[in-house]
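Q: Could you go through this structure with me? I would like to ask about a few topics, one after another.

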Amino acid sequence: MNQLENCVETLKSMLDEENFNYEKPNVSVAWSIFKKFADVNFSVDEGLVISDERTIWSCVLSKNEEIVECAMIRQFSVDDEEGYNEYIKYLEIKFKYPVNLFTNISPYKEYPHISFYSDIQSYDFDNYDAFYENVEKTDTMIIAQSNMPLDCLIEFDY
């Protein structure tokens, strides 16, 4: 089983196997790989357990309000053996777009300082397939797949 601390390398390896181009990223290709990546099992150090995993599709208006960041996120909640939360880690594939692509969608305020265009979590669905189907129908995913992002990066806060 893969160690959680190596999840970035696992994802990058999967992207490389499909010849993912980081300079000209194709969101449809990344999404296809991300769905496979969501099925990869990870482990943590002895004495800890991954108590919860979820996937998220999120599109957020940047602080300067000129960029929309869309992200495919895999979240890991790690507890000690007694069930006390130790930490939560996120792996994100982020794509940045000019805000004008999203002008026909009204962002909503989830927190006072953040405007979301999308925030869909697998936790809200019976299974990953239902989550994927729902995300693929959203305006934000359709826009993301139909346009070349300005930038693509992978982040993991381990």
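Q: How many disulfides does a search of the whole structure find?
A: The model is a predicted one. A search of the whole structure finds one disulfide.

Q: Which cysteines does this disulfide join?
A: The disulfide joins Cys59 to Cys70, with an S to S distance of 2.4 Å. The link of Cys59 and Cys70 is right-handed, with 115° about the S-S bond.

Q: Where in the chain are the two partners of the pair?
A: Cys59 is in strand S3 and Cys70 is in strand S4. They are 11 residues apart, and the pair links distant parts of the chain.

Q: Are Cys59 and Cys70 buried or exposed?
A: Cys59 is buried, and Cys70 is buried as well.

Q: Let us change topic. How many salt bridges does the count come to?
A: The count comes to seven salt bridges.

Q: Which residue forms a salt bridge with Arg74?
A: Glu53 does, and the closest N and O atoms of the two are 2.4 Å apart. Glu53 lies in strand S3 (residues 48-61) and Arg74 lies in strand S4, so the pair ties together parts that are 21 residues apart in sequence.

Q: How accessible are Glu53 and Arg74?
A: Glu53 has a relative accessible area of 28%, so this residue is partly exposed. Arg74 has 0% relative accessibility and therefore counts as buried.

Q: What does Arg54 form a salt bridge with?
A: Arg54 forms a salt bridge with Asp52, and their closest N and O atoms are 2.9 Å apart. Arg54 is buried, at a relative accessible area of 14%, whereas Asp52 is partly exposed, at 23% relative accessibility.

Q: What about Glu133 and Lys137?
A: Their side chains meet in a salt bridge, at 3.4 Å from N to O. Glu133 is partly exposed at 47% relative accessibility, and Lys137 is exposed with a relative accessible area of 59%.

Q: Which residues do salt bridges that share partners join into one network?
A: The network consists of Glu69, Lys94, Lys96 and Glu155.

Q: Staying with charge, which residues gather in a patch of negative charge on the surface?
A: The patch is formed by Glu5, Glu9, Asp45, Glu46, Glu81 and Glu82.

Q: Where is Glu81 found?
A: Glu81 is in the loop between strand S4 (67-80) and strand S5 (85-98). Its 65% relative accessibility is why Glu81 counts as exposed.

Q: Next, the backbone. What is the phi of Asn19?
A: Asn19 has a positive phi of about 55°, although it is not a glycine. Most residues other than glycine have a negative phi.

Q: Where does Asn19 lie?
A: Asn19 lies in the loop between helix H1 (7-17) and helix H2 (27-37). Asn19 counts as exposed, at 68% relative accessibility.

Q: What about Ile33?
A: Ile33 is in helix H2 and is buried, with a relative accessible area of 3%. Ile33 and Glu18 are 15 residues apart in sequence, and their C-alpha atoms are 8.1 Å apart in space.

Q: Finally, where is the place of Pro98?
A: Pro98 is in strand S5 and is partly exposed, with a relative accessible area of 25%. The C-alpha atoms of Pro98 and Val68 are separated by 6.2 Å, while the two residues are 30 residues apart along the chain.

Notes
Residues are numbered from 1 along each chain as its sequence is written. This is a predicted model: local features need pLDDT of at least 70, side-chain atom pairs count only at pLDDT 80 or more; totals for chains, interfaces and linings use all residues. Side-chain values use heavy atoms; hydrogens and water are left out. Patches are made of residues with over 30% relative accessible area and no salt bridge: like charges are joined within 9 Å, nonpolar side chains (Val, Leu, Ile, Met, Phe, Trp, Tyr) within 5 Å. Accessible areas come from the Shrake-Rupley method with a 1.4 Å probe; for residues, only the protein chains shown count as cover. A salt bridge is a side-chain nitrogen of Lys or Arg within 4 Å of a carboxyl oxygen of Asp or Glu. Lys and Arg count as positive and Asp and Glu as negative; His and the chain ends are not counted. The place of a charge is taken as NZ of Lys, CZ of Arg, CG of Asp or CD of Glu. Helices (H or I, at least four residues) and strands (E, at least two) are DSSP runs, numbered from the N terminus. Buried means under 20% relative accessible area, exposed over 50%, partly exposed in between (1.4 Å probe, protein chains only). A disulfide is a pair of cysteine sulfur atoms within 2.5 Å.
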